[in-house]
Amino acid sequence: MGAVRRLVDADTGEPVPYAPYAFSGRHTQVDKARVEAITESKAFTPSQKFLVLWWIGVSPEGMEPLRATGADIGKRVGMSTDAVGKINRKLAKHRILIVRGRIGNYNFYRISPYIAFHGTGVEQREAVRTCNPPEIPGFDETAPARWEAQ
């Protein structure tokens with residue numbers, strides 16, 4: 001067994017309680033307000049909302065795209081290639097998905113870093129600077145994020 005790392009408060013010297021997250025593996029930080037707005041919006045169908053949640057779960061770390069075709073995705077989620085393509089294009093139009101690569105006429109996507117991100121806070125701040133915020137009907141974008149307000 002590996003050694004247990006003990007964290008200590010720099011000011012007091014007291015031990016700081018530590019427990020790893022109870023997730024089964026990789027995990028992602030999610031903007032709950034944006035996801036709530038997407039799932040409650042009448043502008044998106046249930047299938048589109050489902051794929052948003054799927055993209056949150058499968059988007060790689062950082063800003064890498066998911067290197068999968070519409071046919072690959074369709075097999076994984078039980079949809080036709082055409083349905084996946086239409087949904088991905090609509091989500092990209094709203095900047096919920098962003099294009100991060102292309103082979104031939106096929107775009108590789110990932111979820112917007114405004115919605116979900118796997119990486120450090122500094123990496124996420126850099127990531128949002130590379131793209132515009134998503135357009136989510138009904139979402140109030142006038143309230144700045146905490147780090148933007150400071």
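The structure is a predicted model, in which local features need pLDDT of at least 70 and side-chain atom pairs count only at pLDDT 80 or more, whereas totals for chains, interfaces and linings use all residues. Residues are numbered from 1 along each chain as its sequence is written, and side-chain values use heavy atoms, with hydrogens and water left out.

Helices (H or I, at least four residues) and strands (E, at least two) are DSSP runs numbered from the N terminus. Strand S4, covering residues 97–103, pairs with S5 in the antiparallel sense over 6 bridges, where pairing requires that DSSP finds at least two bridges between the strands. The hairpin of S4 and S5 has 2 residues between the strands, and glycine 104 takes a positive phi near 60° in this hairpin. Of the 6 residues of S5, 5 are buried, and the strand is thus mostly covered; buried denotes under 20% relative accessible area, exposed over 50%, and partly exposed the range in between (1.4 Å probe, protein chains only).

Asparagine 107 belongs to S5, which spans residues 106–111, and counts as buried because its relative accessibility is 18%. Arginine 102 stands opposite asparagine 107, and the side chains of these two residues are joined by a polar contact of 2.5 Å. Such a contact is a pair of N or O atoms within 3.5 Å; within protein, one must be able to donate a hydrogen and the other to accept it, and residues adjacent in sequence count only if both atoms are side-chain atoms. When neighbours within four places in sequence are left aside, asparagine 107 is in contact (heavy atoms within 4.5 Å) with Val99, Gly101 and Arg102.

Helix H2 (residues 46–58) packs with helix H3 (residues 70–77) at an angle of about 105°, their axes lying 12 Å apart; axes are lines fitted to C-alpha atoms, for helices over the stretch in contact, and angles run from 0 to 180 degrees between N-to-C directions. H2 is therefore roughly perpendicular to H3. Phe50, Leu51, Trp54, Trp55 and Val58 of H2 make the contact with Ile73, Arg76 and Val77 of H3.

In helix H1, which comprises residues 32–40, lies alanine 37, a buried residue with a relative accessible area of 12%. Alanine 37 and phenylalanine 139 are separated by 102 residues in sequence, but by 5.6 Å in space, C-alpha to C-alpha. Not counting residues up to four places away in sequence, alanine 37 touches Ile136, Pro137 and Phe139.

Notes: Parallel < 35°, antiparallel > 145°, perpendicular 65-115°, else oblique.
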